[in-house]
Amino acid sequence: MIGRLAPVITAAFARHAVLLGTTLFMVMPFVWMVSLSFKSPDEFFQTRFGLWPETFHGIENYTRALTEVSLARFMANGAFVALSVLVLQILVAAPCAYALAKLRFRGSEALFALVLIGLLIPQEVLGLPLFILFHLLGLLDTYAALILPFAVSPFAIFLLRQFFKTVPDDMIHAARLDGLSELAIVWRIMVPTAMPALAAFAILSVISRWNNLFWPSIAISSEELMPPTLGIVFFHNEEAGNDYGPLMAAATLVVAPLIVAFLAAQRRFIEGVTMTSVK
Amino acid sequence: MAGVRLKEIAKSFGATDVLKGVSLDITAGGFTALLGPSGCGKSTLLRIIAGLETQDGGSVVIDDRAVDRLRPTARDVAMVFQTYALYPHMTVAQNMALPLKMRHMTSWQRLPLLGGAVFGNRNIRNTIDTTVREAAAALEINHLLDRKPSELSGGQRQRVALGRAMVRRPKVFLMDEPLSNLDAKLRVQMRAEIKELHRQLGITFIYVTHDQAEAMTMADQVAVMMDGELLQVAPPRTIYAAPADIKVATFIGSPQINLLSGISRHDGAVDVPTATLAPGATAPSGAKITVGMRPENLSLADAAGPGNLTGTVRTVEDLGTDLFLHLEIHGAADLVIVRADPARRDGLGHGATVHVSPRPDTMLLFDANGKRLAPATTRPNGANGDDATGSAGMLPGAPTVRPLPIANAANRPRRQDPTEPIAESVE
Ligand SMILES: Nc1ncnc2c1ncn2[C@@H]1O[C@H](COP(=O)(O)OP(=O)(O)OP(=O)(O)O)[C@@H](O)[C@H]1O
Ligand SMILES: [Mg+2]
């Protein structure tokens, strides 16, 4: 018995060792960040390496992070922008995805090809054209500049279209007979059935908005409009100098909501991602 | 009440013609079954009636009004789908209420919370709730109203689908193979329930199926469809006893009808392998003819005779109620199946030689194109004269040389198979 099981156990052990190694590699910077946020400035440049602070300096660091710049304001900005973008993305993507998945019309193939091309274009490439466009529109340094460029998400269209494809035609037929208009079908039937996919998308979308530094650093100059990432950079430039403790405290505070949100939605997230890739 | 008339409906998907000019009259309040093999275009036709698909040619008339330009909702038809197509995120009650909400409430009133507080939808909501509860009670699913479709069995989902379709009292009820996902026992039970539902609602039912037993037991009119064409539209009994086409004859009936090819003689008899039959329909002398005989219209005879087929037993199927013998007839292309009394099983093993006499009134004659010749059943009894005596063993109580086994065969209780309507009518 044991002889038979041995290779299985060894394989499982090896698998877990590898996974553990990569996990440590990924988690280390976070742990280091949290650790630094509790340390005093003297400890930063010591040659001794330790995660646990010798003198607990957490309260000072976090107080400074919360008081010296308006971190709460940055985070509120970030939340407002991320949620507005998410709502707009779904408002635009769901009807598009429905049309591409379920309606027969001339040029639908070509339109879908355009969506795929849109998927391939990195955000950074669009930085300069968008900057000029928003300058001409006079919208630079407004919330609109932070929100509108992301309102149409080719990824959301693609993801929802793949999901909608799996909804049986008969269900749409039944809905039409029940008196639902095409838009009612999208919002009352298709979107609710695609909840797992939408939850996964929501997490990805919010994280990428929250963490984005590139576009806000181009489009925003007023402090009161800054999202958290830009706020931290601003903090760094204005205040910190060599004083990394409060900076790390601010960074920890900024990342915390994402981690909490992800842990809360983890199961749905995995459901959504696997369901779309399996089918 | 609304009748449905289809005029020359044509539809093709790309290069394939799925419907080739289908014309059909469906009486108001009737139960019409659309019967045909898989892929013959039944669902497509149903979707065209419902307005879910547009036809390339022809017209759909409901209640004397052409509805070709009307959207599905405006046609006032309801449909039950093969896969039930219930909304997975809604409870049974919400599934059944949705068509009523869409019909009777404005989009403002449908808003959750606000709709009730501001736009006074309380009364409508109550009426809808009552209607749903009544329908659920009629279908015996009232204890399931708060469940999601994923928490229901196949039969329960089926009932919910029926309920959702019937709550809004449509003019026409369309059903696309609603029973095909149920197990055999439940299917038989649901047949009776759907028939009863039809009687209660009194509206026009169009029922698509590839299962002949469903069509034959439930419908008062069967439209047999093959390759996008209607071959015959008639009551079930006629479809079985007097099929207009050899394709209909082979499609209906289980086991399949036996077909023997032969040549007609000048006196009206037909030469088939090992026998000369007197089918009683007239064909031009020397014409190539196919004779069709249903297994239950063949019976074992004691001796060879001019009107008796002679063959060798290849397979014996004993179903308890029936004994089916598969005979190899010298010169015939296919095995001939005979239904016999299981009590006669002794001595009918593999390789035994048996003689079989067809009941003359029941033989069907098809010409080279597969069309049936002069209907045999409308012919007055006894017109085939002497030849009939050649197979007298079939008739109940008729004198025979060895009475016992044959008398058994004739007197035993009739099969409870509803697909066999001709049995009583022949005597
Ligand atoms: N949207 C479509 N595009 C192309 N071909 C189609 C489409 N819908 C149906 N067909 C074809 O039309 C033919 C008839 O289809 P239909 O679904 O009406 O058959 P059916 O009689 O309902 O069969 P079944 O008993 O299997 O449901 C089939 O050959 C099918 O492949
Ligand atoms: Mg079908």
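Predicted model: local features only at pLDDT ≥ 70, side-chain atom pairs only at ≥ 80, totals over all residues.
Me: What makes Cys40(B) a polar contact of ligand 1?
Reply: The cut-off is 3.5 Å between N or O atoms. A polar backbone atom of Cys40(B) is 3.1 Å from an oxygen atom of ligand 1, so the pair counts.

Me: Which side chains make polar contacts with ligand 1, and how do you know?
Reply: Lys42(B) places a polar side-chain atom 2.8 Å from an oxygen atom of the ligand. For Glu177(B), a side-chain N or O atom is 2.8 Å from an oxygen atom of ligand 1. Both values are within 3.5 Å, therefore both are polar contacts. Of the 630 Å² that ligand 1 exposes when taken alone, the protein buries 60%.

Me: What makes up the shell around ligand 1, by class?
Reply: There are 3 nonpolar, 5 polar and 3 charged residues. Among the residues surrounding the ligand are Phe13(B), Val18(B), Ser38(B) and Arg47(B). Gly39(B) and Gly41(B) also belong to the shell, and Gly counts as polar by the definition used. Helix α1 of chain B, residues 42–50, gives the most, with 4 residues.

Me: How do you know how much area is buried between chain A and chain B?
Reply: Buried area is the accessible area lost on putting two parts together, summed over both. Here that is about 1800 Å², with 62% from carbon and sulfur atoms. Leu177(A), Asp178(A) and Arg188(A) supply 40% of what chain A buries against chain B, more than any other three residues. The contact involves 16 residues of chain A and 24 residues of chain B.

How values were computed:
Residues numbered from 1 in each chain as written. Chains lettered and ligands numbered in written order. Heavy atoms only, no water. Near = heavy atom within 4 Å. Polar contact = N/O pair within 3.5 Å; in protein donor to acceptor, adjacent residues only side chain to side chain. Areas by Shrake-Rupley, 256 points an atom, 1.4 Å probe, with all protein chains shown as cover. Helix = DSSP H or I, 4+ residues; strand = E, 2+ residues; numbered from the N terminus. Contact = heavy atoms within 4.5 Å. Buried area = accessible area lost by both parts, 1.4 Å probe.
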